[in-house]
Amino acid sequence: MAGKSKVVYQCVECGYESPKWAGKCPECGAWNSMTETMAEPTTSRSASVRSVGGLSRPVPINEISTEDEHRYHTGLSELDRVLGGGIVKGSLVLISGDPGIGKSTMLLQICEYLGQSLRILYVSGEESARQIKLRATRLGVHNPNLMILTQTDVQYITEEIRSEKPDLVMIDSIQTMNHTELSSSPGSITQVRECTNTMMRCAKSLDIPIIIVGHVNKDGAIAGPKVLEHIVDAVLYFEGDRQMTYRILRAVKNRYGSTNEIGVFDMGEEGLRQVENPSQAMLSGRPKDASGTCVTAVMEGSRPILAEIQGLATTSGFGTPRRMATGFDYNLMALIFAVVDIRGGYIFSNL
Ligand SMILES: Nc1ncnc2c1ncn2[C@@H]1O[C@H](COP(=O)(O)OP(=O)(O)OP(=O)(O)O)[C@@H](O)[C@H]1O
Ligand SMILES: [Mg+2]
Ligand SMILES: [Zn+2]
């Protein structure tokens, strides 16, 4: 496209743009997050100004039909709950999480169930068709309605979507996708944002739900999913300890449901298994009659979950004791200490 591209500095955390470099982002305050990118005013502006569903005119709200508001069930009720009841037609969902946490596994896994009623296009820019096939075999996915496309050119992909007209599209991952009209390399903010915008227009105009995978990167070498959060309809974070097999899926943003719900999974040889009773799973293996531990109930969305809290205190050699909390709010802990100290009569000031 015509139009001279100029160098701008953009924050990888929030997408703030500035003609000058800064050590600290003036918008979100992140340090060392400003990276050099190419501004492409002609293509990105005109494209993003256009309506998401093609040309549209003002319509009275009571004339807009919502009858075919339909949700596709994924076969994983834990995932459905986090999505607010299933995948909404025409929505763009972002699934992100640490490397190797199981994003590709989850997407491929739900294809078996979804493929019974839908035609699915799985686009991968990360793995070869053979690799995907190997994983699919391990996960027991062999639905003929699942089509695999290994491609990174978004324009080619959207053409393919328009001609194939699948009922559901999965993009793994958005950082590998490439918009050939942009000069910057795949994974840069400009690319990631423009590719996501292209997918958004595709989802809205064809009314096809699209699920995209986004990588999280702390050092900011690849554009984090942060810049995408406001473009997409729902953002799901997949988290967990890599040493542990438990994985937790939570919605950070959802235009079609609550963001309080979590889904709990267990990663194994045949993929992700749903953990219907997370309390039981998390408390299993807890030593009996051990001191310094207690079990409490916490609300996660619409269901209560039993969690274990462990505490340990030793005499401090210093005047001010050092207190630490892991997985627990530090300020809340300080408050509880104060209450126990003053009201409970236990002296913690030198522990
Ligand atoms: N044979 C196996 N048995 C048990 N678990 C396995 C097996 N093969 C892979 N896994 C699990 O699957 C995880 C990788 O899952 P997956 O490739 O879906 O992650 P991802 O989030 O897509 O990663 P990436 O960011 O690299 O694309 C591994 O970390 C491992 O826990
Ligand atoms: Mg993957
Ligand atoms: Zn910023």
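A residue is taken as buried if 20 or more other C-beta atoms lie within 10 Å of its own, as exposed if 12 or fewer do, and as partly exposed in between. By this criterion helix α8 is hardly covered, the count of buried residues among its 13 residues being zero. The helix comprises residues 330-342 and reaches 18 Å from its first C-alpha to its last, close to the 18 Å expected at 1.5 Å a residue. The model described here is a predicted one.

The protein chain contains eight helices and 16 strands. Of its 351 residues, 33% count as buried. Among contacts between residues at least 6 apart in sequence, 62% join residues at least 24 apart.

Nine of the strands form an open sheet with mixed pairing, in the order β8-β7-β9-β10-β6-β11-β12-β13-β14. Its edge strands, β8 (146-150) and β14 (271-274), each pair on one side only. From one strand to the next, the twist averages 25 degrees. Helix α6 (residues 189-206) packs on this sheet and touches β6 (92-97), β9 and β10 (210-215). The direction of α6 makes about 165 degrees with that of β10.

In general, strands of a sheet pair through backbone hydrogen bonds, either parallel or antiparallel. Strand β7 (residues 120-124) pairs with β9 (residues 168-172) in the parallel sense over five bridges, and Tyr122 stands opposite Met170 in β9. Five bridges also join β7 to β8, and these two strands run parallel; here Val123 stands opposite Leu149 in β8. Strand β7 is mostly covered, with five of its five residues buried. Ile120, Tyr122 and Ser124 point one way from the strand, whereas Leu121 and Val123 point the other way, and all are buried.

Strand β13 holds Val264. Val264 is classed as buried because 23 other C-beta atoms lie within 10 Å, where the cut-off is 20 or more. Leaving aside neighbours within four places in sequence, Val264 is in contact with Glu78, Tyr246, Ile248, Val275 and Pro278. The C-alpha atoms of Val264 and Ala281 are 9.9 Å apart in space, the two residues being 17 residues apart in sequence.

Ligand 1 is surrounded by 13 residues, the closest of which are Pro99, Gly100, Lys103, Ser104 and Thr105. The elements that give two or more residues to this shell are α3 (103-114) and β13 (262-268). Helix α3 supplies the largest share, three residues.

Helix α3 is mostly covered, as 10 of its 12 residues are buried. The buried residues are Lys103, Ser104, Thr105, Met106, Leu107, Leu108, Gln109, Ile110, Cys111 and Leu114. Among them, Lys103, Ser104 and Thr105 also belong to the residues closest to ligand 1. At 1.5 Å a residue, the 12 residues of α3 should span 16 Å; the end C-alpha atoms are 17 Å apart, which agrees. In an α-helix there are 3.6 residues a turn, so residues three or four places apart point the same way.

Several backbone features were found in loops. The peptide bond from Asp172 to Ser173 is cis, with omega near -5 degrees. Ser173 is placed in the loop between β9 and α6. Asp207, although not a glycine, has a positive phi of about 60 degrees, and lies in the loop between α6 and β10. With 13 other C-beta atoms within 10 Å, Asp207 is partly exposed. A positive phi, of about 55 degrees, is also found at Asp289, which is not a glycine. Asp289 lies in the loop between α7 (278-283) and β15 (293-300). Asp289 is exposed because 5 other C-beta atoms lie within 10 Å, the limit for this class being 12 or fewer.

Conventions:
Residues are numbered from 1 along each chain as its sequence is written. Chains are lettered from A and ligands numbered from 1 in the order in which they are written. This is a predicted model: local features need pLDDT of at least 70, side-chain atom pairs count only at pLDDT 80 or more; totals for chains, interfaces and linings use all residues. A residue is near a molecule or strand if its C-beta atom, placed from the backbone, lies within 6 Å of it. Helices (H or I, at least four residues) and strands (E, at least two) are DSSP runs, numbered from the N terminus. The expected span of a helix is 1.5 Å times one less than its number of residues. Two strands pair if DSSP finds at least two bridges between them. Axes are lines fitted to C-alpha atoms, for helices over the stretch in contact, and angles run from 0 to 180 degrees between N-to-C directions. Two residues are in contact if their C-beta atoms, placed from the backbone, lie within 7 Å.
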